[in-house]
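Reader: I have a protein model open and would like to learn how to read its features one at a time. Could you take me through it slowly?

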Amino acid sequence: MSNPLESFVGYADGVSCSSRNLSSATWAIFDPSGELVSFRGVCIGRSTNNIAEYSALVELLSDAIIHGIRRLTVRLDSQLVILQLTGIYSVRNPAIYRMFLRVKILERHFDFIQYRHISRNLNTLTDSLANYVLDRHLQIL
């Protein structure tokens, strides 16, 4: 396995706003020297917060694969997703289980991947983008 210090770092965040009936998924990827490689977000329509979190992770992993990244440390503020991906919690919801399986399939493209839980205040870049994507989508509607 590769050294995690040489890995790219990805941040992902999903936001669900029930009062707006919208969710968004955002992600950012940094190279090992800290330079921004990719910073994106999408409106995913109506979903739960957990689906939004998994959607952000799926998009992050897919984007990393497109960029040819083989070593990735993923930082998420969703403790539930981290605990499910590391096998501490089981996944019982069928919709989340499908997202979980997509993540596990995408993981096969990496030589090294690890998940780290971070507090929400350390995930402000993707959180801000997630809220911006929702606000922007509402302006278009």
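Reader: To begin with, what pLDDT does the protein average?

Author: The general idea is that pLDDT is the predictor's confidence in each residue, from 0 to 100. This is a predicted model, where local features need pLDDT of at least 70, side-chain atom pairs count only at pLDDT 80 or more, and totals for chains, interfaces and linings use all residues. Residues are numbered from 1 along each chain as its sequence is written, and side-chain values use heavy atoms, with hydrogens and water left out. Here the protein averages a pLDDT of 87, and 81% of the residues score at least 70.

Reader: Which element has the lowest mean pLDDT, and which the highest?

Author: Helices (H or I, at least four residues) and strands (E, at least two) are DSSP runs, numbered from the N terminus. The lowest mean, 63, belongs to helix α4 (residues 124-140), whereas helix α3 (residues 94-107) has the highest, 97. Where pLDDT is low, the predicted coordinates should not be read in detail.

Reader: How many aromatic pairs does a search of the whole structure find?

Author: Rings of Phe, Tyr and Trp (its six-membered ring) pair if their centres lie within 6.5 Å; planes under 30 degrees apart count as stacked, over 60 as edge-to-face and the rest as tilted. The search of the whole structure finds two such pairs. The pair of Tyr11 and Phe30 is edge-to-face, because the ring centres are 6.0 Å apart and the planes stand at 90°. Since Tyr11 lies in strand β1 (residues 8-17) and Phe30 in strand β2 (residues 22-30), this pair ties together parts that are 19 residues apart in sequence. The other pair, Tyr97 and Phe100, is stacked, with 6.0 Å centre to centre and 20° between the planes; both residues lie in helix α3, three residues apart, about one turn of the helix.

Reader: Is Phe100 buried or exposed?

Author: Buried means under 20% relative accessible area, exposed over 50%, and partly exposed in between (1.4 Å probe, protein chains only). Phe100, at 14%, is buried, while Tyr97, at 39%, is partly exposed.

Reader: How many residues of β2 are buried, and which strands pair with it?

Author: Nine of the nine residues of β2 are buried. Two strands pair if DSSP finds at least two bridges between them. Nine bridges join β1 to β2 in the antiparallel sense, with Gly10 opposite Ile29, and β2 also pairs antiparallel with strand β3 (residues 36-45) over eight bridges.
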